[in-house]
Amino acid sequence: MRFEIKNLKFEIPKVYPITDVRLSGLSHTEQAKRLIDGGAGIIQFREKYSAPNQWFDDAVKAVDLCRKNNVISIINDRVDIVLAVGAHGVHLGQTDVPPDAVRRVLGPDAIIGYSTHTIEQVQEAIAFDIRYLAFGPIFRTTTKKDPDAVVGLHLLQRVREITADLPLVAIGGIDFENAGSVFAAGADSIAVVSAIIADGSVIPERFREFASQYE
């Protein structure tokens with residue numbers, strides 16, 4: 001049965017964790033369990049290396065775990081998996097199906113996030129029916145095979161001026177030491193990968209460390 005997303009109240013949290021199986025050495029479900037133990041209210045499941053059929057069962061279990069714990073589940077890129085497992089929404093990149101087309105498929109209540117890397121992309125994105133906009137990489141990142149060029153804090157400040165009330169998520173190389181400067185530049189939320197999930201044994205503690213500082 002699909003998870004009911006109608007009338008879901010969505011507020012972007014200060015800390016937005018993203019899973020990575022290769023980096024953590026843990027399944028998406030196990031990462032979700034540990035993030036939930038740490039207090040996460042939203043989790044994005046990102047799988048860049050396995051075909052959909054290879055991680056589908058893991059996605060089913062991970063989203064079910066989120067559902068049982070009232071945690072928002074977002075699938076990176078794969079609209080088909082969102083529909084199949086009943087996740088709350090999808091996070092789209094520049095090479096994915098356009099957000100407006102995805103909105104027609106997922107309906108008016110689904111959460112759609114959208115990644116941007118340039119001012120021009122941001123200006124185009126604000127016309128889409130999206131729930132939040134991501135911008136980055138703010139700093140150098142090693143979690144993507146072919147990362148986009150670093151945008152820095154100065155461009156993040158410009159994006160804040162453009163996006164007005166649209167929730168702005170900063171992503172890319174953000175850790176405990178530099179997160180404060182990212183919020184100061186105007187981000188509403190920070191998407192964090194390595195700094196939270198790289199060491200699977202301390203995921204709950206690392207998430208709580210971030211959340212206690214910024215939530």
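This is a predicted model: local features need pLDDT of at least 70, side-chain atom pairs count only at pLDDT 80 or more; totals for chains, interfaces and linings use all residues.
Started at Ala 164, which lies in the loop between α7 and β7 (168-171). My helices (H or I, at least four residues) and strands (E, at least two) are DSSP runs, numbered from the N terminus.

Residues are numbered from 1 along each chain as its sequence is written, and side-chain values use heavy atoms, with hydrogens and water left out.

Next I looked up Asp 77, in the loop between β3 (72-76) and α4 (79-85). Asp 77 isn't a glycine, yet its phi is positive, about 75°.

Then a cis peptide bond turned up from Gly 136 to Pro 137, with omega near 5°. I found Pro 137 in the loop between β6 (132-135) and α7 (152-163).

On to β6 itself. Tyr 132 and Ala 134 point one way, Leu 133 and Phe 135 the other.

Which strands pair with β6? β5 (111-116) does, in the parallel sense over four bridges; I count strands as paired if DSSP finds at least two bridges between them. Tyr 114 has Leu 133 of β6 as its bridge partner. Getting from β5 to β6, the chain passes through helix α6 (119-125), and this β-α-β crossover is right-handed (with the strands pointing away from the viewer, the path from the first strand over the helix to the second runs clockwise).

β7 also pairs with β6 in the parallel sense, over three bridges. There I saw Ala 134 opposite Val 169 of β7.

Conventions
Buried means under 20% relative accessible area, exposed over 50%, partly exposed in between (1.4 Å probe, protein chains only).
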